Amino acid sequence: MRAANSSTASWLAAAAFAAVLTISGGCLVAQSAPDSENGRYSMTPIPEGVLRLDSRTGTVSTCTRSGAGWACYAVPDERTALDAEIGRLQAEVETLKGRLAAGPTVSGKIDEALPKTDPLKKAEPQAPKAAEGERRIEIPLPSDQDVDRVMSFLERAWRRLIDMANRVQKDVSGKI
């Protein structure tokens, strides 16, 4: 009977060993499988490292490798800021609608026609022709004496300029 017990015992031991391997192997596979294989995270390579999208929560993180290992930091969510601004604007619109409904109505159109002329503007009296002559500005032309004085001044200035040029030319030709 010992042989029967021993074969049964070894068969039971083998079955138990196989069951333990199956159970522990399944646990090891379930624990060692990263979340990206289960479809939770979507990874996209970027120059700084990896961009990680969590499909359950919708958060986006940038993962970079440092001296201590990989570190993931959540990317600031602009949607939150946009939602806050939209909420603020909606509240402001509601406030303005309330003020508009409570306040007096002002329309852009009036019933009576506007005057064609400006009532505040004073009408200018018609000026006689003699008065118009007084408003003219007359510039007197120079006399012949004034023209002669200017011409003599220009002649003297021109002669001095020519004399100075001749002296410079003599000085330069004497040095060369």
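Tutor: A residue is called buried under 20% relative accessible area, exposed over 50%, and partly exposed in between, using a 1.4 Å probe and protein chains only. Helices (H or I, at least four residues) and strands (E, at least two) are DSSP runs, numbered from the N terminus. This is a predicted model, in which local features need pLDDT of at least 70 and side-chain atom pairs count only at pLDDT 80 or more, while totals for chains, interfaces and linings use all residues. Residues are numbered from 1 along each chain as its sequence is written, and side-chain values use heavy atoms, with hydrogens and water left out.

Student: What is the count of buried residues in β4?

Tutor: Strand β4 spans residues 69-74. The strand is hardly covered, and among its 6 residues the buried count is 0.

Student: Is S61 buried or exposed?

Tutor: S61 belongs to strand β3, residues 60-66. Leaving aside residues up to four places away in sequence, S61 touches V50, L51, R52, C72, Y73, A74 and V75, where contact means heavy atoms within 4.5 Å. Because its relative accessibility is 5%, S61 is classed as buried.

Student: How many bridges join β2 to β3?

Tutor: Two strands are said to pair if DSSP finds at least two bridges between them. Strand β2 (residues 49-54) runs antiparallel to β3, and V50 has C63 as its bridge partner in β3. The two strands form a hairpin with 5 residues between them, and G58 in the turn has a positive phi of about 85°. The number of bridges joining β2 to β3 is 4.

Student: Which residue in β4 stands opposite R65?

Tutor: β3 and β4 pair in the antiparallel sense over 6 bridges, forming a hairpin with 2 residues between them. Within this pairing, T64 has A71 as its bridge partner in β4. The residue of β4 opposite R65 is W70.

Student: Which residue is joined to C63 by a disulfide?

Tutor: A disulfide is a pair of cysteine sulfur atoms within 2.5 Å, and the structure holds 1. The S to S distance in this link is 2.0 Å, and with 110° about the S-S bond the link is right-handed. The partner of C63 is C72.
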